[in-house]
Amino acid sequence: MSFSKNQKYLLSAGRNNAVVLWDLTAKRPLLYFNGHRHARHRSQACFSHNEDFVITSDDASGELVFWNSRTGELAQRIGAGHNASIRWVAHSPVAPHLVTCR
């Protein structure tokens with residue numbers, strides 16, 4: 001799970017491939033991010049430094065998946081350079097940098 005900087009939103013990810021953006025004030029889901037698949041490991045997601053994007057990984061393709069955090073639309077898929085499934089994605093809270101590990 002990951003909280004937004006203003007603490008009003010929560011990003012959750014689980015074994016069922018569900019990545020959900022929750023509105024904590026309204027206590028309800030706002031957006032579902034679908035289109036990535038995790039067969040071996042639990043889904044993992046994080047916000048970009050400016051919170052414009054939600055970033056997940058895809059076990060099937062080995063790619064990082066970037067979603068528009070306001071609309072839930074797929075923005076981009078890029079290869080991460082790993083030869084196996086990506087198990088963790090972390091993004092800097094202050095700069096456009098991210099790290100992945102398998």
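I started with the side chains of Asp 58 and Arg 77, which meet in a salt bridge at 2.5 Å, N to O. The pair links distant parts of the chain: Asp 58 sits in strand β6, Arg 77 in strand β8, 19 residues apart. My salt-bridge rule was a side-chain nitrogen of Lys or Arg within 4 Å of a carboxyl oxygen of Asp or Glu. Strands are DSSP runs of E, at least two residues, numbered from the N terminus.

I noted the source. This is a predicted model, where local features need pLDDT of at least 70, side-chain atom pairs count only at pLDDT 80 or more, and totals for chains, interfaces and linings use all residues. Residues are numbered from 1 along each chain as its sequence is written, and side-chain values use heavy atoms, with hydrogens and water left out.

I checked burial next (buried is under 20% relative accessible area, exposed over 50%, partly exposed in between; 1.4 Å probe, protein chains only). Asp 58 is buried at 5%. Arg 77 is partly exposed at 29%.

I then looked up Glu 63. Glu 63 forms a salt bridge with Arg 77, with the closest N and O atoms 2.8 Å apart. Glu 63 lies in strand β7 and Arg 77 in strand β8, 14 residues apart. Glu 63 is partly exposed at 22%. I logged Asp 58, Glu 63 and Arg 77 as a network of salt bridges.

How many salt bridges does the rule give? The count comes to three.

I also recorded Arg 70 with Asp 52, a salt bridge at 3.0 Å, N to O. Arg 70 is in the loop between β7 (63-68) and β8 (74-79), Asp 52 in the loop between β5 (45-47) and β6, 18 residues apart. Arg 70 is exposed at 57%, while Asp 52 is partly exposed at 29%.

Notes
Helix = DSSP H or I, 4+ residues; strand = E, 2+ residues; numbered from the N terminus.
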